[in-house]
Amino acid sequence: MLRGVNERQSFQRFLRGVALLLCLGVSAQAVTSYRVQPGDTLSGIAARAGVSAAKIRAVNARLRGTDQVQAGWVLTLPDRTLPARTHTVKSGENLSVIAARYGLSLSALLRANPTYQGGKAVWVGARLTIPARSAAPSPAPAASGTAARSAATVRAASSSGRSGGWLWPVAGYHGVSSGYGPRVLDSVREDHLGVDIVAPVGTPVRAARSGRVLESRPDFDRGWGWTVVLEHPDGWITRYAHLSANLVQKGELVVRGQPVGRVGNTGRSTGPHLHFGTYLRWNPRDPLSLY
């Protein structure tokens, strides 16, 4: 009997929680985890995540009635709602690429642009309607204190690198948010076989060396999102992942410095960046060791 009463009370608390989330416009399943860094404040986390502090409090019981956070806490962050906008089609883009860039399904993009249903081609310069959508927050640590010092920063790549002139793939952006080697992501320990270079969505991604396109496709099953893989002379291979657009096709020959894609936030990604991986005969190597 007591067990039945407890179960009813638990279910009633659950319903009250769902009702509160709905009142605040928060989806019960649209959440992301974030570990509080030294120097973080609730208002700062909310601003960087693009959601209100009230919505963060609503999905974190320990924050009810307080704005105080402690380093090490893992907070649940609700998705943010992005407003509708227009997109001007650029060279190398198609409807699938544009849908992936904005985190939409192709069918959702077509519903917002019925002119292109039925397979009608989209031309460079055309203006598409991007409907309002939900997006995962990406609250990068504050740009000061311990959190900032924990992120690696790399120098500009030399044109005379030790392995045949390696070119840094994102011109003007050298901040690395996650380096090569072991790391913990979403509470799971894993080996990170590359470096994450932080840059705005749409920034051109350049081929680090000349070579041939081995892959140019969406690879969401493995978390890469839109990805390009290049095969270079002497056994080297490079991967460019989480792209918002692929600018080359499989089998195409590319030259060092040629744009092969654009920085994005597709696949298993916590914010706009390029995952840059280097392999020697498919054996992973730290990209920073080549510059």
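Predicted model: local features only at pLDDT ≥ 70, side-chain atom pairs only at ≥ 80, totals over all residues.
Good morning. A residue is called buried when its relative accessible area is under 20%. In helix H2, which covers residues 42–49, the buried residues are Leu42, Gly44, Ile45, Ala46 and Ala49. After H2 comes glycine 50, whose phi is positive, near 80°.

Let us turn to the nonpolar cores. The largest of them has 29 residues, and those with the most contacts inside it are Leu230, Tyr240, Val260, Leu274 and Phe276. Two or more residues of this core come from each of helix H4 (95–101) and strands E11 (195–198), E14 (225–231), E15 (236–246), E17 (259–263) and E18 (273–280). Strand E15 gives the largest share, four residues. A second, separate core has 14 residues, among them Leu95, Leu104, Leu110 and Leu128.

Which residues does isoleucine 197 contact, leaving aside neighbours within four places in sequence? They are Trp168, Pro169, Val170, Tyr173, Gly175, His273, Leu274 and Phe276. Isoleucine 197 belongs to strand E11, and it counts as buried because its relative accessibility is 0%. Although isoleucine 197 and leucine 274 are 77 residues apart along the chain, their C-alpha atoms are separated by 5.1 Å. Leucine 274 in turn touches residues that include Val195, Val205, Tyr240 and Val263.

Tryptophan 166 lies in the loop between strands E7 (152–153) and E8 (175–178), while tryptophan 236 lies in strand E15, so the pair ties together parts that are 70 residues apart in sequence. Both are buried: tryptophan 166 has a relative accessibility of 0%, and tryptophan 236 has a relative accessible area of 10%.

The rings of tyrosine 279 and tryptophan 282 also have their centres 5.2 Å apart, but their planes are at 55°, so this pair is tilted. Here tyrosine 279 is buried, at 5%, whereas tryptophan 282 is partly exposed, at 40%.

Finally, I turn to charges over rings. Arginine 209 lies over the face of tryptophan 166, at 5.0 Å from the ring centre. The charged end of lysine 120 sits over the ring of tyrosine 116, 5.8 Å from its centre. Thank you for your attention.

Note on methods. Residues numbered from 1 in each chain as written. Heavy atoms only, no water. Core = buried A, V, L, I, M, F, W, Y, C linked by side-chain atoms within 4.5 Å. Buried < 20%, exposed > 50% of the residue type's maximum accessible area, 1.4 Å probe, protein only. Contact = heavy atoms within 4.5 Å. Phe/Tyr/Trp six-rings, centres within 6.5 Å; stacked < 30°, edge-to-face > 60°. Lys NZ or Arg CZ within 6 Å of the ring centre and 35° of its normal.
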